[in-house]
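My notebook is open and the viewer is loaded. Here is what I looked up, entry by entry.

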Amino acid sequence: MRIGISCYPTIGGSGAVATELGKALARRGCEVHFIVTDVPFRLGEFHRNVFVHALDIISYPVLRTPPADLALAALMARVVREHRLDVLHVHYALPFAACAFLAKQLVPEHPVRVVTTVHGTDVTVLSQDRTLYDVIRLGVERSDALTAVSYSLAEQTSAWFPAHAPLHVIHNFVDPAVFHPQPQPALRQLFAGPEEALCLHVSNFRRVKRVMDVVEVFALIRRARPAKLLLVGEGPDLPDVRARVQALDLERDVVFAGRQDQVAPLYQVSDLFLLPSEHESFGLVALEAMACGVPVVASRTGGIPEVVADGITGFLAPVGDVAAMAAAALQLLNQPSQRSAFAQAACERAHRLFHIDSKVREYLRLYEQLCTRGEPG
Ligand code: GMT
């Protein structure tokens, strides 16, 4: 099968999922064409059966902004035609679903099937903007199939786009070969002493992640016991977070690791993962932490309860309830036997329910169903 994939190439869950899916499909013998503005960050070295088509955008004085989305649609159409793609799978509805719709109009002679995966803020934030709603709706309604990364997001998608394409829930996934428990004593020593608990947060430091709550939760933990906090990632809220750490006099206990490509070892050395997001359609980082045997304390919002089993693989609390999150964290950190039971349950749940192989099979089944159906409309 020949599959085109479009996604944002930069750091973020949707790009990570799209890239890992593409690599896994290629390992299974599919020909995979990434149609992107840049090489996806998780792609890594050369992979057999994987091709990257990166966008070139014309610059001309009359054009006030580069016509990136139109150029992407034209590139999609060219790759569909030249490589006779069976499926064009786009990740994140804006702009990719509308670009794919346009690409299809450009190659009417070639019956490519368009699959759109909605990931989160494409539905929960951008679709609620009047200036974008209709163009997102077009893409969502005119895809041949739509997938959502959680039941929670599927419900929201149906509410916003009642006439959407046939909708399937295919949860995000982890590769246990990469995300598994693994003691890393030398690495851990860099962050925490033997008596200290190590808490971890990984995100793009956007408002929706409530990284400030991570700091507040940690401050309460630190008041009760020796602990360190490792913050991975960067984004708009980073300066405020740094300032808050300073104001709370926690500079010696908080490590800002910045952007990291290899996150698995950082999960592996941590005792607890904190994800107090305002909203999260899935929470891929929580799943990756669990797969590495790290219990998660998170907010009860969106798709997080589909990932974190409350009271079994972590604890969930209302958004903004930093006291409840700190109490849950301390309960786990102060009782090593409970923490290790949660760690084991977390790893077991992540590997059993969200294994890359089963999710790739679900996507392939969907592609095959679409391709064996008659000509798409
Ligand atoms: O929608 C976003 O905020 C961006 C997107 C991304 O590219 O990271 O994140 C969403 O997709 C991830 C992968 O499916 C999910 O794990 C995240 O929960 C989701 N983010 C939100 O819903 C805020």
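Predicted model: local features only at pLDDT ≥ 70, side-chain atom pairs only at ≥ 80, totals over all residues.

**Entry: Thr124**

Is Thr124 buried or exposed? I found Thr124 buried, because its relative accessibility is 13% and buried means under 20% relative accessible area, exposed over 50%, partly exposed in between (1.4 Å probe, protein chains only). Residues are numbered from 1 along each chain as its sequence is written, and side-chain values use heavy atoms, with hydrogens and water left out.

I placed Thr124 in helix 4, residues 121-124; helices (H or I, at least four residues) and strands (E, at least two) are DSSP runs, numbered from the N terminus. Next I listed what Thr124 touches, not counting residues up to four places away in sequence: Leu153, Gln156 and His279. Contact here means heavy atoms within 4.5 Å. I also checked Thr124 against Gly302: they are 178 residues apart in sequence, yet their C-alpha atoms are 9.9 Å apart in space.

**Entry: the whole chain**

I counted 15 helices and 13 strands in the protein chain. The radius of gyration is 21 Å, close to the 21 Å that the globule rule gives for 377 residues, so the chain is as compact as a globular protein of that length. For the record, the radius is taken over C-alpha atoms, and the rule is 2.2 Å times the number of residues to the power 0.38. The C-alpha trace spans about 65 × 45 × 40 Å along its principal axes. I noted that buried residues make up 54% of the 377 residues. Among contacts between residues at least 6 apart in sequence, 70% join residues at least 24 apart.

**Entry: helix 5**

I tested the length of helix 5 (residues 130-142): at 1.5 Å a residue its 13 residues should span 18 Å, and its end C-alpha atoms are 19 Å apart, which agrees. The expected span is 1.5 Å times one less than the number of residues. Its buried residues are Ile136, Gly139 and Val140. I recalled that an α-helix has 3.6 residues a turn, so residues three or four places apart point the same way. The buried residues of helix 5 pack against helix 3 (96-106), strand 5 (113-118), helix 4 and strand 6 (145-148).

I found Val322, Met325, Ala326, Ala328, Ala329, Leu330, Leu332 and Leu333 buried in helix 13. Their cover includes strand 8, helix 8, strand 11 (272-275), strand 12 (296-299), strand 13 (314-317) and helix 14.

How does helix 13 (residues 322-333) pack with helix 14 (residues 336-353), and at what angle? I got an angle of about 100 degrees, with the axes 6 Å apart; axes are lines fitted to C-alpha atoms, for helices over the stretch in contact, and angles run from 0 to 180 degrees between N-to-C directions. That makes helix 13 roughly perpendicular to helix 14, a label for angles of 65 to 115 degrees. Gln331, Leu332 and Leu333 of helix 13 meet Pro336, Gln338, Arg339 and Phe342 of helix 14.

**Entry: loops**

I looked up Arg206 in the loop between strand 8 (197-202) and helix 8 (211-224). Arg206 is partly exposed, with a relative accessible area of 33%, and its contacts beyond four places in sequence are Pro236 and Asp237.

Glu196 sits in the loop between helix 7 (185-191) and strand 8. Leaving aside residues up to four places away, I saw Glu196 touch Arg188, Arg225, Pro226, Ala227, Lys228 and Asp271.

The peptide bond from Leu94 to Pro95 is cis, with omega near 0 degrees, and I located Pro95 in the loop between strand 4 (87-91) and helix 3. Asn49 is not a glycine but has a positive phi of about 75 degrees; Asn49 lies in the loop between strand 2 (31-36) and strand 3 (50-54). Arg84, also not a glycine, has a positive phi of about 45 degrees. I found Arg84 in the loop between helix 2 (68-83) and strand 4, partly exposed at 47% relative accessible area.

Terms used
Parallel < 35°, antiparallel > 145°, perpendicular 65-115°, else oblique.
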